[in-house]
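Reader: I would like a close look at the aromatic rings in this model. Please keep it brisk.

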Amino acid sequence: MKKIIILSVFFSLFLASCEYEIDYNGQLADDKFVVAAFLEEDSTVNFTISHSAKPGMYLENEQSPRVENADVNMYVNDQWKEKLSYNSLFRMYSSTYRPQHNDKISFTIENERYGKAEGSTRMNLTNPVVDSISAHITVVDEEDRLVLYIEIQDDGGENYYMLLPDLKYCDDMVDVSYVEVLQESVDGVFFEKSAVTSVIGKKGYNEYGVFNNNKFRNQKFVLKLSYYLNRWYDDFIEDDKKHRKSDDVTLKGSVVLAKIDKNAYEYLYTLSNVVHSIPVNTSPMYINNSVSNAYGFVGNKKTIKFNIADILQEKEEK
Amino acid sequence: MKRLFLFLFCILIFASSHAQKLYKITGFIYDANTKETLIGATIRNLQGTTGTTANVYGFYTFTTKSNTLELEYSYVGYEKKVMKLNLTKDTTIDVYLSVASLIQEVVVKDVSASRRYVTENIPGKMEVNPQIVSSMPTLMGESDLLKAIQTLPGVKNGTEGSSGLYVRGGNVDQNLYLIDGIEVYNPNHLMGFISTFNTDAIKNIDFYKGAFPASYSGRASSVMDVRTKDGANDKIKGDFSIGLISAKVNLEGPLIKDKTTFSLSFRRTYMDLILKPIIYFENKRDGDDSDFDFQYYFTDINAKVKHRFNAKNSITASFYMGRDAYGIEMTDDYMDSYSNTDASVSWGNVIATIDYAAELSSGFFSNLSLSYNKYFSKISNTNDMNDDFEGYNYKSTYNYNSGVEDITLKNNYNYYLNGWNTFDFGFNYIYHHYTPEITSYYSFEDLHLNTAPYKVDHEKDANEFRIYVEDVMTFTDKLSLREGLNYNIYSVEGKTYSSLQPRFSLRYSIIDALSFKAGYSLMNQNIHLLSNGMFSLPTDMWLPVTGKIKPITAHQFSAGLFYEWKYDINMGIEAYYKKLYNVIDYKDGVSSFASSTDWENLVSQGEGKAYGIEFNVQKNAGIVSGWISYTLSWATRQYADGTINNGKEFYDRYDVRNQLNIVLTSSLGNGWNVNCAFVVNSGSRTNIPVANYYNPLATNIDNMFLVNIYGEKNNLCLPTYHRLDIGITHSKKVKYGERAWTLSVYNAYNHKNAFLVMNSEKPNVLTAYSIMPIIPTLSYSLKFR
């Protein structure tokens, strides 16, 4: 409600306001690489590399401004390993080498226009330990919710987790960014770093499902979440009714729990806060990057994937 | 410690060394017609350079060695009175001043203010003439005290049109607003566009930017001490006025002649009353099954009753209530389905005070007061939906309450020891009850509880005790000193903070018309306001210090030259330096929508620095009067924990480098008055992205959003702000009094002043938004007697 009032005030002022243009001659940032890479042991390394631009400078329809001519060199344990090749189908740079446990993976990304970016990550994560996981679907206010229950046994140390359903509903992607915390064995873990939560209940955005173990180090952490399942297609209400009454409705995909490194954690939670901030928020929202002379992150993860079909219990109507 | 005792010993020796025959003259100064006391009236010895002023109760003490003297009594808008005295003993003289003759126009004369400008030994004090405030051009027909204050040197306005004060680098929550000695937490109506001060009810306004007297504490940057009228003693009189959005009625007069007086002021917007029948008929005319209702209004009530037991004792009961209320209701009733949404927001202040004032003995004055003060903010939203055909029934209720309640006991004393020492001392006890947030939400579906009821209940109690002592010492005709101490103890949730706050100021008369003044003050603040920062909203929360969040401390040095020129013109130049500790702000990345839950982890405390130089030229009398002020200033912040701007120093949002204000009022004769206010200042600061990129983790077109990259905090100065307001008034005597028509034009040349800028889709071009176009207003007032 507080957000509604503030937004209403700004909305009213915008409606009543007069809009005009002014020139800006201040300092803007140079264009840089934007890097995103999530490394996993025994998997090829894939770099998504695009570029930033000064506000208003992206070309029209340039919605995915990938950089296709960068020199991306990978080093393993400070020894040059290979130059990554660009895959035009997936629009990313890929390696042949598959990182092993305890490898230190460093990289440089370079081209004439965006300069040189550097970063590194060490593949020293251990597998997350899950004592129990289950899920069921419930319907609240004619909306599907995925209720996920999980028990995580933390092994001590500084750990960062990412819990993210990767779901499809009848071949359509499901957005699970809005979530309600129904239960936490330790209060304030899941939304600790979230800047945008509702005052009514523990609901909010944790776009990438990241949290840290500061409050449950070396303990079991029980978490019960209710994901609002929004589908990515038009007329979903009609299809929703059609699908719900059909016998072969299935939610497909998996729930992924991963341990991630600090680079990834810092970037992802700040990115989530920026995504869900409103334009008239008067404080700037900063993103924690882990690549020098570039934006973005290079991190690594250790994942466990749970097939949704295996963990889904009988559907509940409420 | 030894040096302190030696210093105090010297003071006592000095005080006693002047132990020769002194004559003391005491009394009250009144309006000859209404018997209203005149706060700040000047008493001057025409045969020397000594003088004094009446205190907030209109009481004065003048001490002299000479038994023959000429005393001049003067006050704004009144004719001076000179009394030749031949004293044989201490004497009580009550003085009655008559209003200056009006020759078909209102001529503002404030000769006494000219004198005090030079002789007062507080460099940061400014007297604001209520008559000038009332005559200034208005926004929407509402004369506004805080907007007038914004035109003084060293004071910045915040968002366009708002009444927020940013004084010498301080924040909007660092200003202490007092009505008859009691604090007002939220002095705003209509999101800060109009203040709660009804100028028609005001008798006196003192505004302090620095070198604060020891009797004030609780805020770091400024004090505005407003005294309301006691009520006329001669006959019942009043006035009525109506403007674009509100109407006002003021009434005052005697209840018991020469004993008891009352004053009553009422203001209310009326647009909702006009809209109500229109909405009703519109709903009927539609003929459909949906109804809509909307309401917004604000109101102020000031009421005061004063009873004088005798010349030395009086008791006053005063009451203030201000409220904003907004409501919207939508109902849809069609066949088998029914839905109703009812949302309302209200906020305001309630203040009730009983004050007993007494002259205990010659030159020893006391007052004892007990008051209740409440700021409240409420939001509620109820949704009710049912559909018999679908078999659906849903109801939800949301309630939000926030506020502060204080109970205050104050006991203050003025003691005029002799002609060279005047002591002020006293104590205050305040019980605070804070309710930063009480939120509850529950919903029912099909008569079953839908979601788990949600309730946040944060309440805190605090006790505050203040004791102060201050001595005003007049060494010679040329040199006077004011030194004081305020000691404050604040206890909340098992944590106690104490602070010893020294205050010091001096005045040295270089020549009779030219003074050098300097001052130092340490102010402590035990409360913070969490707000969105742009507007005053009912969702703003007052929160006390905690074990983790420390009080704000402000050290301020100021010094300047003050000159009284001929033609009743004052000129002054003053420099200041202020250092703030434990200022508070949201950490980078934290939304200002956050609940008060865990608020201590959402904010950071750091340091602030502000310095500048202020020029002021003020004309207090004549056909044309007003002031021109210019300020050159800097204000920065730094949060060393790295959570804001990576720990680097940055310019504060209201670091407005240059500010020029011109306020003029002129009497043209034949009842015509013209006034204008011209404001031009550097733009305030805001944040603009310096780059952006598309989400590198996007998996489909729908989450391919742009991510903004920010550089230094407050990296952009908004364009220069400038605005001209003009007003024309025509007054005419009518059978029962005097009527006046006023045409006011806010932003007369319709300049678009940006209050918000955002990136546009074009390179190197920003989109700016302005909200205050030219706003003409016609208002009518009638004074009846």
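Author: What follows starts with the chain and then turns to its rings. The model is predicted. Chain B has five helices and 48 strands. Of its 785 residues, 60% count as buried. Take contacts in chain B between residues at least 6 apart in sequence: 65% of them join residues at least 24 apart. The accessible surface of chain B is about 30800 Å². Carbon and sulfur atoms hold 60% of that surface.

Now the rings. The count over all chains is 45 aromatic pairs. One of them joins Y60(B) and Y73(B). A pair of aromatic rings is described by the distance of the centres and the angle of the planes. For Y60(B) and Y73(B), the centres are 5.6 Å apart and the planes make 75°. Edge-to-face pairs need planes over 60 degrees apart, so this pair is edge-to-face. Where do Y60(B) and Y73(B) sit in the chain? Y60(B) belongs to strand β4, residues 59-64 of chain B. Y73(B) belongs to strand β5, residues 68-74 of chain B. Are Y60(B) and Y73(B) buried or exposed? Both are buried.

Ring pairs also build a cluster. Its members are F28(B), Y30(B), Y57(B), F59(B), Y96(B), F365(B) and Y416(B).

Charges come next. R268(B) lies over the face of Y297(B), 4.2 Å from the ring centre. K495(B) lies over the face of Y497(B), with 5.4 Å to the ring centre.

Terms used: Residues are numbered from 1 along each chain as its sequence is written. Chains are lettered from A and ligands numbered from 1 in the order in which they are written. This is a predicted model: local features need pLDDT of at least 70, side-chain atom pairs count only at pLDDT 80 or more; totals for chains, interfaces and linings use all residues. Side-chain values use heavy atoms; hydrogens and water are left out. Helices (H or I, at least four residues) and strands (E, at least two) are DSSP runs, numbered from the N terminus. Buried means under 20% relative accessible area, exposed over 50%, partly exposed in between (1.4 Å probe, protein chains only). Contact means heavy atoms within 4.5 Å. Accessible areas come from the Shrake-Rupley method with a 1.4 Å probe; for residues, only the protein chains shown count as cover. Rings of Phe, Tyr and Trp (its six-membered ring) pair if their centres lie within 6.5 Å; planes under 30 degrees apart count as stacked, over 60 as edge-to-face and the rest as tilted. A charge sits over a ring if NZ of Lys or CZ of Arg is within 6 Å of the ring centre and within 35 degrees of the ring normal.
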